[in-house]
Amino acid sequence: MALWGNESSKTTTLNPIPTNRLKLTGAQYLAAFFESKGITQVYGIPGAAILPFYDAIRERNFQSFNVRHEQTAIFMADGYSRATGKVGICAATSGPGATNFLTGLYSAHSDSVPLIALTGQVPTSLIGKDSFQEAPIVEMARSVTKGAYQVKKVEDLPHIMKEAWTLATTGRKGPILLDLPLDVQKGYLEVDLNDFNFTPESTPKQEIPKDELNTIFTMLTEAKAPTLLVGGGIIHGNATEELLAVAEFLQIPVVSSLMGKDSFPNDHPLYAGLMGTMCQTPLGNKTILDSDLIINLGGRFDGRGTGNVEQLKNGRKIIHINLDEKELFRNVPVDIALAVDVKDFLEQFLDFLKEKDYSPSTSAKDRISTLQEQRNDLARKTIFNTVPLKPQQAIAEVRQSLERDAIITLDCGISQIWTTQLYEAYVPRSFLITGRAGTMGWGLGAALGAKLAHPNRQVVNLLGDASLGMSLQELATAAKHNIPVVVIVLNNSLFGLIRQQQNLLFDKRWISTELEYENRVQGHSRGLDFVVTTQGMGVEAELVDRPGQIQGALERAFSSNRPYLIEVLVDPLAQCSVSLDGTLTGVIEME
């Protein structure tokens, strides 16, 4: 049954080959390549144009997890990668299957996540002829990937795969798209066994000039209120241990950006909180504004985190350490900028501090003592004991009920903002969030990938009802493959963040933000019944509508060792604390 006419390989049988070489189809080569890199799982949906690849991974006993929408497959690869630091692999067919990867590529590219997305393509002879399910996916994906390739000859695969793998996993990491015409997957090539043993050349350790380190040291010792601002580069660079060592040696506060939240234990005496105009804490912003020196380690100074640049700068000295030279001076003027691996910097700076016999001053120690007092004084309220349940209390109850190393994934929206403000992360790669892209519907797929990466850890997708409406079908994926994630949906029957904007910025002129309707079948007016719908997919579910019920619900969920949904009815009038004027001082405290 050929969709594109004669689909047989044009490559003739090869002559006998030496024993140190193999004859493989293009698809078999890809499967062998991934196997050599330790890949054991593929997420996706098979289709006619990618079937040779699926047949090849079946031969090698890969775990193949089929999903209900290709977008979820790439979200799973993304979540797997964020939870492990390794490369996630997903696959889809040509045309609409491939284009369904675009949002996932954008999300991964925005946050520097290494993954490889494979798409089938029509045979090379039909490309450019408006063939059935032909899409120019490489052109579409080029701006949202670190590299996008269409393999036009099977003989090019070894070179392309080495380049693609190296590109994804070195420097500032990112997603790769590989577009695979059907005849390339079926065609034969000779492969040297040594081709599978390559390791990308590691970037040599960057030696930071002593005069640069001395300048930073001088600025640090002259400052009265220095602060470390840590970003997602700490996680990507596997530099959390080095960060902890430097912070403790210096005894100065640590403030995180949104993407750096899980790079430093949030209950550590030096942790001051989160900086930003939306995803922030009062102490985090106050610590930044009280500082006279900011050392940004692996962050970008993005707009939502930085706020008004003039207010942030305002006489403060700023040092910026980032692997990507393009990020330096991009958003905020700084005094010193180093394009260097943050792990290398922290290691060498700590050695330099020890050489200088640095020791924290009495005032530095007093500042940390004061920090602890301020942490309690400025903590936001989480106990209300009202009905309907305040989402702030629901999030607090979730954190209290989870293990320390539990992994949580968030979608975008008001539930994300509340959670970043109130939930404490203690372990690296445990707080997974779609940052710059802000993708609704991302969190469930990411949770599935994270759970497959860490089957012995608790994994929770906490999200709002609007976001779950974009991923709900994937509970069937969780049920089919028995991936025991727990979904906690805070249901206010609204596009909550947009409703808050309508309240505050548009004088309550509401339009298209309500999701409630009269559900005559179930006898309530909140619209979609998540419990009943979830149960219809074979997933256990329960409703929570009172304070103090979440811990018991989570205990039942985890003890089931099956996927589980907890629908939490929350106050639709609750609002999150955000800045209305784009400044760090403009945050309005709301409940």
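Colleague: What makes you say that both faces of strand 18 are covered?
Modeller: Val486, Ile488 and Leu490 on one side are buried, and so are Val487, Val489 and Asn491 on the other. Buried means under 20% relative accessible area (exposed is over 50%, partly exposed in between; 1.4 Å probe, protein chains only). Strands (E, at least two residues) and helices (H or I, at least four) are DSSP runs, numbered from the N terminus.

Colleague: And what am I looking at here?
Modeller: A predicted model, where local features need pLDDT of at least 70 and side-chain atom pairs pLDDT 80 or more, while totals for chains, interfaces and linings use all residues. Residues are numbered from 1 along each chain as its sequence is written, and side-chain values use heavy atoms, leaving out hydrogens and water.

Colleague: How do you know which strands pair with strand 18?
Modeller: Pairing takes at least two bridges found by DSSP. Strand 17 (residues 459-464) has five with strand 18, in the parallel sense, and six join strand 18 to strand 20, also parallel. Asn461 stands opposite Val487, and Val489 faces Glu567 in strand 20.

Colleague: Why is helix 21 called largely enclosed?
Modeller: Six of its eight residues (474-481) are buried, so the rest of the structure largely encloses it. Its cover includes strand 18 (486-491), helix 3 (70-84) and strand 20 (564-569), contact being heavy atoms within 4.5 Å.

Colleague: Where is pLDDT under 50?
Modeller: Over residues 9-15. pLDDT is the predictor's confidence in each residue, from 0 to 100, and the chain averages 94. Where it is low, the predicted coordinates should not be read in detail.
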